[in-house]
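This report examines the charged side-chain contacts of the structure shown below.

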Amino acid sequence: MKSATPNKPYADFPLFAHQSGQWAKKIKGRTHYFGKWSDPQAAVAAYRAQRDYLYAGQEPPAEGATLAILLNAFRRTKSAAVENGELSQRSFDEYESVCDTIASLGKHTPIELVDFVKLRKKLCAGNNGKHLSPVSQKRLLGIARMVFNFANEELEPPLPTPIRYRKKLKLPTAKVIRRARNEVGERLFTAAEILALLGIAKPQLKAMIYLGINCGFGNADCATLPIEQIDIANGRHHYWRPKTEIARRCPLWPETTAALYAVIKNRNDGLAFITKYGNAWEGKGRCDPISYEFRKLATKLGIFRKGVTTFYTLRRTFETIAATTGDQVAVDFIMGHAPESDDMAAIYRQKTFDSQLVKVTDHVHGWLHGSITIS
């Protein structure tokens, strides 16, 4: 049950009791918060210190711990983690995006006055203003919670009172995530669809599609693949998974090897895939060039289905078809899956043999070209 809002302490008290538990005032069309109901004197003092700036359309000077102080400290810590090899640049970029969203609440906002309801709404809407999928919401809200956990655990000087953020930045439930997945349906390609995509793809995208269905590669795997991790002569790759640093290798089909050779011939180092401007095929969200070009290809073929026809669905398709071999150990090794911490078999297992990997990739190859039927 919500607490009843208190009356003003005196008739000409300049603030009103906001349902968030703060004394507030609307200035230039925006609601500003100045302190808790329990201390109206401190709230009105904060209002008088800030009002001239606010009526002038300016941010008041910071006093105490503000979002700017928190976000700068969080970014410095994560930037150092990137330099030390403890955090990927891709993850750091996503942290940066969430920090930018938090900063949009007002970088001089005291941490204890953050409007978490508004922040959650912003994060769930995403950059384009549309409602994100529950899985994407969970990821971004999780990063935001990480920022405010940093405020409670690592910010210097320490906050006088911990920030209570977990319930206000609640994550979508497992039920909500399952419902969304059920609404989208199976995210799989048919063999005919993959062959059609390969038939009209330009050389670089064609090689990426082969890596997707031959090796379970995702967007980041292709975008960051170093030439030196490709063994053209023996038809293998030895590229760890960038997301987890888990070691992996995979036999390449002759078609995959040929497609890669067409892209990297006469080059011995650098990235396997570079754009016509010499840049990496790396991005995020709607700015990911692999996603963009793949969607154009699928649309041209008339097979595009929202939420289904993505480049990453090649990885899902590989996992689904490869699992029917019954050798999940080999499939996980090719995919670069990290074992659970209590998976004792994974701890004791010392090697995954090439014969296992070949069995898996040959099986998927047979399915793709119709010599193996799965029902």
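## Criterion and overall count

A salt bridge is taken here as a side-chain nitrogen of Lys or Arg within 4 Å of a carboxyl oxygen of Asp or Glu. The model is predicted, and it holds seven salt bridges.

## Arg 249 and Asp 354

Arg 249 pairs with Asp 354 in a salt bridge whose closest N and O atoms are 2.9 Å apart. Arg 249 belongs to the loop between β5 (236-237) and β6 (250-251), whereas Asp 354 is in helix α15 (residues 354-368), so this contact ties together parts that are 105 residues apart in sequence.

Asp 354, at 35%, counts as partly exposed.

## Arg 305 and Glu 193

A salt bridge also links the side chains of Arg 305 and Glu 193, at 3.0 Å from N to O. Since Arg 305 lies in the loop between α11 (289-301) and α12 (312-322) and Glu 193 in helix α7 (residues 191-200), the pair ties together parts that are 112 residues apart in sequence.

Arg 305 is partly exposed, its relative accessible area being 32%. Glu 193 counts as buried, with 14% relative accessibility.

Lys 296 and Glu 293 meet through their side chains in a salt bridge of 3.4 Å, N to O. These two residues are three apart in helix α11, a separation of about one helical turn. Lys 296 is partly exposed at 42% relative accessibility, and Glu 293 is partly exposed at 26%.

Key:
Residues numbered from 1 in each chain as written. Predicted model: local features only at pLDDT ≥ 70, side-chain atom pairs only at ≥ 80, totals over all residues. Heavy atoms only, no water. Helix = DSSP H or I, 4+ residues; strand = E, 2+ residues; numbered from the N terminus. Buried < 20%, exposed > 50% of the residue type's maximum accessible area, 1.4 Å probe, protein only.
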